[in-house]
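Q: I have a structure open and some quick questions. Can we walk through it together?

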Amino acid sequence: RRFEKEFASVMGTKYALGCVNGCLSELMIMAASGIGPGDEVIVPAFTWWAPAQTTLAANAIPIIAEVDDTLNLEPADFEAKITKRTKAVWVVDMVGAQARMDEIMEIAEKHDILVFEDVAQCVGGSYNGKRLGSIGNAGSFSLQHSKVINTGEGGIVTTNDEELLRHMLMFHDPSYKDFGVGPVKFREGEIPITGINCRMNELVAAMALAQLPKMDTILRRAR
């Protein structure tokens with residue numbers, strides 16, 4: 001919990017939730033958002049395959065959109081690929097470069113589409129003064145051994161949406177632990193999300209917590 005709270009504070013979000021790895025963090029986000037059979041999720045053509053792979057794991061359909069000269073999602077082609085079945089878009093900040101988030105958010109809001117940020121390759125990066133992972137509906141981070149903060153394996157999700165967090169907790173931890181927003185209890189008529197164990201263990205959290213204060217130094221060296 002200490003690592004989750006401090007990570008959220010650094011990234012400028014209300015909540016962060018640690019998990020086993022970056023792929024599971026993406027699946028958690030989509031399960032919590034109700035994405036499933038028949039839904040379409042737009043993913044960039046150049047990316048690690050996790051966004052498309054986890055979309056398929058959620059029983060949804062990945063739709064590939066072009067990238068621009070930053071190697072990130074091309075806003076115009078993202079908009080061109082939107083259909084009545086489009087529920088979300090994965091924005092992947094590739095090899096430390098930021099996507100054009102202002103344009104992407106404007107398009108998403110116009111079409112009522114969820115924006116998920118895959119910040120695995122740009123942990124700690126910023127866009128117009130905001131940390132990546134704090135701009136869309138949720139952010140997914142990897143702590144795998146080649147990343148800015150590395151714990152061998154590990155992942156973490158950020159969000160400002162308490163309802164999305166509640167649903168992520170159902171998927172993340174079947175025992176519904178208290179997460180500082182009160183115990184996750186079922187409401188009358190609420191259909192629960194079937195969950196699996198995605199919890200981060202304490203040793204991974206300790207390794208990540210030790211590196212978190214050094215993150216900006218690591219970024220300066222990388223730059």
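**A buried charge, and what surrounds it**

A: Start with Glu26, which is buried yet has no salt bridge. The nearest side chain of opposite charge, Lys147, is 9.8 Å away. Buried means under 20% relative accessible area, exposed over 50%, and partly exposed in between (1.4 Å probe, protein chains only). A salt bridge needs a side-chain nitrogen of Lys or Arg within 4 Å of a carboxyl oxygen of Asp or Glu. For charge, Lys and Arg count as positive, Asp and Glu as negative; His and the chain ends are not counted.

Q: What kind of model is this, and how are residues numbered?
A: It is a predicted model: local features need pLDDT of at least 70, side-chain atom pairs count only at pLDDT 80 or more, and totals for chains, interfaces and linings use all residues. Residues are numbered from 1 along each chain as its sequence is written, and side-chain values use heavy atoms, with hydrogens and water left out.

Q: Which residues is Glu26 in contact with?
A: Leaving aside neighbours within four places in sequence, Glu26 is in contact with Ala50, Pro51, Thr54, Trp90, Asp118 and Ser140. Contact means heavy atoms within 4.5 Å.

Q: Which helix does Glu26 lie in?
A: Helix H2, residues 22-32. Helices (H or I, at least four residues) and strands (E, at least two) are DSSP runs, numbered from the N terminus.

Q: What happens at the start of H2?
A: A side-chain oxygen of Asn21 comes within 3.1 Å of the backbone nitrogen of Cys23 there. After H2 comes Gly34, whose phi is positive, near 75 degrees.

Q: New topic. How many disulfides are there?
A: Zero, in a search of the whole structure. A disulfide would be a pair of cysteine sulfur atoms within 2.5 Å. For Cys23, the nearest cysteine sulfur is that of Cys19, 9.7 Å away. For Cys198, the nearest is also that of Cys19, at 6.5 Å.

Q: Is Cys198 buried or exposed?
A: Buried, because its relative accessibility is 0%. Cys23 counts as partly exposed, at 29%.

Q: How many residues does the largest nonpolar core have?
A: It has 39 residues. Those with the most contacts inside it include Phe3, Phe7 and Met215. H5 (101-111) gives the most to this core, with five residues. Such a core is a set of buried Ala, Val, Leu, Ile, Met, Phe, Trp, Tyr and Cys residues joined through side-chain atoms within 4.5 Å.

Q: Where is Phe7, and what does it touch?
A: Phe7 is in helix H1, residues 2-11. It is buried, with a relative accessible area of 0%. Not counting residues up to four places away in sequence, Phe7 touches Ala16, Phe141, Ile156, Thr158 and Leu212.

Q: Back to charges. How many salt bridges does the structure hold?
A: Eleven. One joins the side chains of Arg2 and Glu6, 3.0 Å from N to O. Both lie in helix H1, four residues apart, about one turn of the helix.

Q: Which parts of the chain does the Glu79 and Lys110 pair link?
A: Glu79 forms a salt bridge with Lys110, with the closest N and O atoms 2.7 Å apart. The pair links distant parts of the chain: Glu79 is in helix H4 (residues 75-80) and Lys110 in helix H5, 31 residues apart.

Note on methods:
Polar contact = N/O pair within 3.5 Å; in protein donor to acceptor, adjacent residues only side chain to side chain.
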